[in-house]
Amino acid sequence: MTIRTRRTMLSATTALALAASVAVAGSSAGAGPAQKAGAAYAGTVLPGAFASMYPVDVTTTSQYYYVVDPGRYRIERVNRATGAIDKTTPGAGKGAGDGELAAARALAVDSAGAVYVADTPNHRVVKYDPTLQTVLAKWGTKGTAPGMFTNVYGVAVGPGLDKSGATTEVVYTIDSDRVQVFSKTGEFIRGFAGGFNQPRQIEVNKVTGDVYVVNARARQIVAFNKAGTKLFSFGTEGSALGQFKGDPRGVTVTRDGKIIFVTDDGNRRIQAFSATGANRGTALYAIGSPTSTTFVDARGIEVTPDGKLLVADEWDYSLKEFTVSGTGASLTRRLFGVPAPKTGANSPRGIALDTGGRIFVSDWWNQRIIRRTLPAGAITTWGKRGIRGEAGSLNFQWAVAVQPGTGYVFVASRESHEIKVFSNDGSKELFVWGKRSANLGDFTFPQGMTFAPDGTLWVADSGNSRIEQFKVDVAGKKATFLKALGSKGTGVGQFDMPTGISVAADGTIWVADTKNSRIQAYKGGAWRTPILKPSGATTKAFNTPWGVTAAPDGTIWVADTTNKRLVQMSNTGVFRQQVTGASAGTSDFLGPFQVIFAGANTAYMSDTWGNRVIKLTVS
């Protein structure tokens, strides 16, 4: 999961074909020289569009279901009797304040009904009252010391040992390669390492006190006693009963402590295992199969107090309730399950234009590409949540770029570590290349893409802290690696999660060095001194910029994401102007990702956390 960052850029060649000159501008009191131009909000090209929910984990009381919905950055309370959402956490979107969450991944309830949330990217646990309106406690910061977290992925509440060794109700968490144990107010009690490989969720057997950890990349479940001593493990890679394919995600146990359920999403099924006696860890049966339609992408699971099995099926946008026994299960109710309408986007990232006057948008949370004929014409969408090797699938794609001359649409499928090429209308998947690797020509989380004036493709290979150049022959299904630039670090020509990339008409390569909060430029075999802030004016330094664009008039535009603004500077880094939501006459920019240009007076910007793509009129 991940964390929230993004990018892609329109090539200078395509931009020049669209416009001879353009500038996006804004005003900022006291920010520098007098403004010569301005940028005004001219409408929304794509508004927000959401599925009924994007559930990744669930927990229950006798009266309510509680659901983690990271697609809306909130927790939802569902009334079991009516099947309707009646409460949500009060935050207005992604954040770290009280009531706000990032992309949380798990939750649990205690015996009093309080709700504990693993707020994953914020590296903390948040405890809410049963109405979700009041934060009762929160603890954790980023780090590896006891009581700190590195992307806390799982949380569970159940019987455990306090500091004196007495049994009481405690909170278990999973992060990195360890389990940590806390009091219900966040006091650290103890921790134990499990040698995990990307662990995900955690659960407590309320009868025995055994703790079950989903050791995802090892394709297994590991069980510990309350003191942290390993008891047993089960699971291997495969599709036979008792095996897992892809990453198992969720784990739960029946209230009588006898059956463990595990989500085996790579095989599109839930598996049941014995939790007791000499046969503990033995597979009993499966619900669903790789060829069935029972599940699309099962994630979190929970057994209700009255014995129902509840499954969060994320990409079916639904909750599924089963009646279970010792030998099988049957579906009794499906709640929600409505996909997002095709008229908008959820957390849009990369955008691109073609010479036919169409805009292409990476609709990140909805796992699709949107093509719209401008200014307000026909909308086409394609893509679905999927895994490597699955035709037409996308996996939290970031960048999108249009190849000059052919109109082919290139998509950086970030979580699958590959580039996919589609026909202009998305009806055909034409070519795919790349795999997760540090080898030259491969990728680890590709986040940005652009075509250079010479027709080559540059990819911001963010996880490998470099940019890579390719010559791509789609018809011949061949991507020839040409060169790589950069390495991990803070020095000149080094990167920490490069995202935005653009190539100017003069061949200068511009890179948004996102986590280093700076812009870098490369030309003629040499890197220039990184730009930490535009010079010549009193203005903020860049803060995690996701996008950079070499505009047709030669100026450089930065999507300065955390500062919620666009910044224009000369190609030598001299400040020209900035655009904020207020200066443009619209609501605040919440997460500017990319700006692209189409004519002397028109620009488009993706506002990721604002869930929109907007048009700006430039004067």
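These legends describe close-up views of one predicted model. Local features need pLDDT of at least 70 and side-chain atom pairs count only at pLDDT 80 or more, while totals for chains, interfaces and linings use all residues. Residues are numbered from 1 along each chain as its sequence is written, and side-chain values use heavy atoms, with hydrogens and water left out.

View 1. Residues 94-131 are 0% helix and 37% strand. Their end C-alpha atoms lie 20 Å apart. Residues 536-572 are 0% helix and 38% strand. Here the end C-alpha atoms are 11 Å apart. Helices (H or I, at least four residues) and strands (E, at least two) are DSSP runs, numbered from the N terminus.

**View 2. An open sheet of four strands.** The strand order is β2-β3-β4-β5, and the pairing is antiparallel. Two strands pair if DSSP finds at least two bridges between them. β2 (57-60) and β5 (84-88) stand at the edges. Each has a single partner strand, so one side of each is left without a neighbour in the sheet. Neighbouring strands of this sheet are turned by 30° against each other on average, direction ignored. The axes behind this angle are lines fitted to C-alpha atoms, for helices over the stretch in contact, and angles run from 0 to 180 degrees between N-to-C directions. Four bridges join β4 (residues 74-79) to β5 in the antiparallel sense. N79 has A84 in β5 as its bridge partner. Strands of a sheet pair through backbone hydrogen bonds.

View 3. A salt bridge is a side-chain nitrogen of Lys or Arg within 4 Å of a carboxyl oxygen of Asp or Glu. Buried means under 20% relative accessible area, exposed over 50%, and partly exposed in between (1.4 Å probe, protein chains only).

**View 4. Further salt bridges.** The whole structure holds 37 salt bridges. One of them joins E390 to K384, with the closest N and O atoms 3.4 Å apart. K384 counts as partly exposed because its relative accessibility is 41%. Another joins R414 to E415 at 2.4 Å, N to O. R414 has 3% relative accessibility, so it counts as buried. E415 has 18%, so it counts as buried too. A network of salt bridges links R217, R219, E237, D247 and R249.

**View 5. The largest nonpolar core.** This core has 17 residues. F410, I419, W433, M449, L457 and V472 touch the most other members. A nonpolar core is a set of buried Ala, Val, Leu, Ile, Met, Phe, Trp, Tyr and Cys residues joined through side-chain atoms within 4.5 Å. At least two residues come from each of β33 (409-413), β34 (418-422), β35 (429-433), β36 (446-451), β37 (457-461) and β38 (466-473). β35 gives the most, with three residues. In soluble globular proteins, nonpolar side chains tend to be buried together.

**View 6. Two backbone details in loops.** The peptide bond from L374 to P375 is cis, with omega near 5°. P375 lies in the loop between β28 (368-373) and β29 (379-382). S347 is not a glycine, yet its phi is positive, near 60°. The loop between β25 (329-336) and β26 (348-353) holds S347. S347 is buried, with a relative accessible area of 0%.

View 7. β41 (509-513) and β42 (518-523) run antiparallel and share five bridges. V511 stands opposite Q520 in β42. Four residues lie between the two strands of this hairpin. In the turn, S517 has a positive phi of about 55°. S517 is buried, with a relative accessible area of 18%. β42 also pairs with β43 (residues 526-527), antiparallel, over two bridges. Y522 stands opposite W527 in β43. Two residues separate the strands of this hairpin, where G524 takes a positive phi near 60°. β42 is mostly covered, with five of its six residues buried.
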